[in-house]
Amino acid sequence: MSQSDTTPTEPHHPDEHTDCDESPDAQSALAAPAIGTDAAAGADAAEGTPFEAEDLVVGYPTSNGPVVDGESLVAAPGEVTALVGPNGSGKSTLLKAMADQLAPEAGAVRIDGSEVADMDAKDLARRLGLLSQENVAPDSITVRKLVEHGRYPHRGFFDGLTEEDRAAVDRAIDLAGVDHLRDRDVGSLSGGQKQLVWIAMVLAQETDVLLLDEPTTFLDMHHQLEVMEIIETLRAESDKTVVVVLHDLQQAARLADRVVALQDGAVRSRGSPEAVVTEDLLADVFGIEADVVPTDRGPQITPLRPLHDDGGTDRHD
Amino acid sequence: MAENVAPESGSEAAESARFGWVDRSLLGLCLGSLAVTVAAGLVQVSFGSYSMSVAQAWRSVVDPAVLLDYRWVLNFLLGEGLMRTVTGFQGELPELATPTLIVWTIRLPRVFVAGLVGANLAVSGAIFQAVTRNELASPFVLGVSSGAGLLILLTLVVFPMLAAALPIIAALGGMAAFVLVYVIAWKGGTSPVRLVLAGVIVGTVFQSLQTGLFFFADSIGVVQSAIAWTTGSLTGVDWEQVRTALPWSVVAVGLSLVGARQLNVLLLGERTASSLGMNVERMRFALSAVGVLAAAASIAVAGIVGFVGLIVPHVVRNVVGSDYRRLVVGCVFAGPALLVAADVGARLAIPVLTGGSGQLPVGIVTGLVGGPYFLYLMRKQEQLGEI
């Protein structure tokens, strides 16, 4: 499960300052070697659902100009792709657009070749799960009932829970490690426990593609590690295509097969954690001076100090 | 807090799942509500201008001459014409004893109408509280009451010749206002906040127009009639009103039970509901329409009875939790309990307190009960508002 198992055999040299109009072909070429690199992790790990965004332009009605401007992104099938970037870089917006929760002004998102915008909402929800950043549930709902809602897209209007639904709910609760909480009321849980329960609900959807929007933000260290463990399990044992927005670059470096760094709505760098998480990128994109030391758990970042605009050029190693 | 059913696992879960959600708190609430409804109903049938003993009145309620004669039962439920068509019976209905006749044709229908109105308003309020994700929402939050009220006044003051169709006009006015609210709120979609604001806008304007129309009323009788309609009254209701409200109530309650799971998912917030594959806009409109249908059915027979749709779902939620299957069922029982009991007050307050004769609109009693209940909640709960 350690990073070295899944490091692509052929490291990619990240072309920093990628142009917005980079051709999609280049993207698929980038993603292509990723297939099969996970072969060591399991026999079926080479499978996975292709999921990609092409030339996506996304904005909000209230914002001036697009938040994400003509970006393309190919999620490595069956692997974990992390979106990182400073506040306001458009990573959550990009994720929402990829989940069809925001209508893009231009461009397309495709899952296994079909455009998500054209898909029936329930069909899409059977293939793609999204965990939003903030979630609300009534206090008096039990954990189990909440997780059962994850089966919504699999049930008809009048259908009750089938045996298969129950099995999926049990698997999700098990995978998220909330078995001991299943009969508790959600209102009585801590923030970290609630997040695990929400992850269980999305897992119960049993989708091929899973999008997670900052699943570790605001959690204590224990629950951050719990969430990361779930994602690591998914990476090792399932062929789910996972795209996760992470605030914490260190977590991204440790967790992801590939990392995509965004800045001001544009992709600045993409590739394996080793290739993306560099001292140069931290300076350019995150505006910090940091030491990056390669370890077998991915690059280890030690932030040193913030760089101010004029300091960006005269940084030293 | 709701005690939840034991963890369901394995094969026995499938067996118990169908009714597994009916727990002790819900059963207790339903039985308690039923007891209140029956008790208040028995008080209602015991008093009136025709004097009979309490025992006589209660015996009349269970008079086998009515209960065991399908022709009488159908005569009440379907109306005489339809009863004759259905049964093919053309003769005279068997004669009833005078107390039985009084109880069954005058006093009992009022209890039944109160029950139907209470159930409708409670279910409607529960729906709107989920749709707006605000537990202070009522059936009238999306302009239904102001639309109905305006048309009631228009009819009584400007078009008195249409007074016979008042129930239908009032219900239609409520629905029209709801559509107007939706149109105002729509801007590439709606949101709970936009809907509530649009409801306030429509409500304010219609309320002003409605109050303005009072100045054009030419007699005190018209004003009193308008007040009875706009505060909600059960005075003089009859089997006719039972027949008006019953089919719509059955449809609305049925649909809200069917939609309970959708309401539960809506409670998780629009974003989650939508990422689970719900078409949130469509579902919200459909569920609101069911809520408006229930509210309109009650407006058609009793006018605009306030507070019931606000309080009852609130009380029920405190007992059974927020699961809408339980909540809707609880509302179907608790709504009638509140309204039938309040109607006892409305009917007997003036004679008992002042010795005079006359009745209060039931809406005044529900308001008098509702205000203090919210004061109590405000003092007791830290957070009031979000479900």
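Visitor: Let me begin with a sheet: which residue is the bridge partner of Leu128(A) in strand 7 of chain A?

Guide: Strands of a sheet pair through backbone hydrogen bonds, either parallel or antiparallel. Here the bridge partner of Leu128(A) is Val209(A). Before we go on, please note that this is a predicted model, in which local features need pLDDT of at least 70 and side-chain atom pairs count only at pLDDT 80 or more, while totals for chains, interfaces and linings use all residues. Residues are numbered from 1 along each chain as its sequence is written, and chains are lettered from A and ligands numbered from 1 in the order in which they are written.

Visitor: In which sense do strand 6 and strand 7 of chain A pair?

Guide: Two strands pair if DSSP finds at least two bridges between them; helices (H or I, at least four residues) and strands (E, at least two) are DSSP runs, numbered from the N terminus. Strand 6 and strand 7 (residues 209-213) of chain A are parallel, with four bridges. They belong to an open sheet of six strands in chain A, ordered 6-7-8-3-9-10, with mixed pairing. Strand 6 (128-131) and strand 10 (266-271) of chain A each have a single partner strand, so one side of each is left without a neighbour in the sheet.

Visitor: Where does Asp264(A) lie, and is Asp264(A) buried, exposed or partly exposed?

Guide: A residue is buried if 20 or more other C-beta atoms lie within 10 Å of its own, exposed if 12 or fewer, and partly exposed in between, with C-beta atoms placed from the backbone. Asp264(A) sits in the loop between strand 9 (258-263) and strand 10 of chain A. Asp264(A) counts as partly exposed because there are 14 C-beta neighbours inside 10 Å.

Visitor: What is the order of the four strands in the other open sheet of chain A?

Guide: The order is 2-1-4-5, and the pairing is antiparallel. Six bridges join strand 1 (residues 51-58) to strand 2 of chain A, and Leu56(A) stands opposite Glu71(A) in strand 2 of chain A.

Visitor: Now a helix, please: how many residues of helix 16 of chain B are buried?

Guide: Of its 13 residues, 11 are buried, so to speak of helix 16 of chain B as mostly covered follows from the cut-off of 20 or more C-beta atoms within 10 Å. Among the buried residues are Leu310(B), His314(B) and Arg317(B). Two residues are in contact if their C-beta atoms, placed from the backbone, lie within 7 Å. The buried residues of helix 16 of chain B pack against helix 2 (24-46), helix 7 (98-131), helix 17 (324-354) and helix 18 (362-380) of chain B. Just after helix 16 of chain B, Gly321(B) takes a positive phi of about 90 degrees.

Visitor: How many residues does each chain bring to the contact between chain A and chain B?

Guide: Chain B brings 24 residues and chain A brings 25 residues. On the side of chain B that touches chain A, the largest share, four residues, comes from helix 14 of chain B.

Visitor: How many residues has the largest nonpolar core?

Guide: A nonpolar core is a set of buried Ala, Val, Leu, Ile, Met, Phe, Trp, Tyr and Cys residues joined through C-beta atoms within 7 Å. The largest one has 198 residues, and those with the most contacts inside it include Ala200(A) and Val113(B). Helix 7 of chain B gives the most to this core, with 19 residues.
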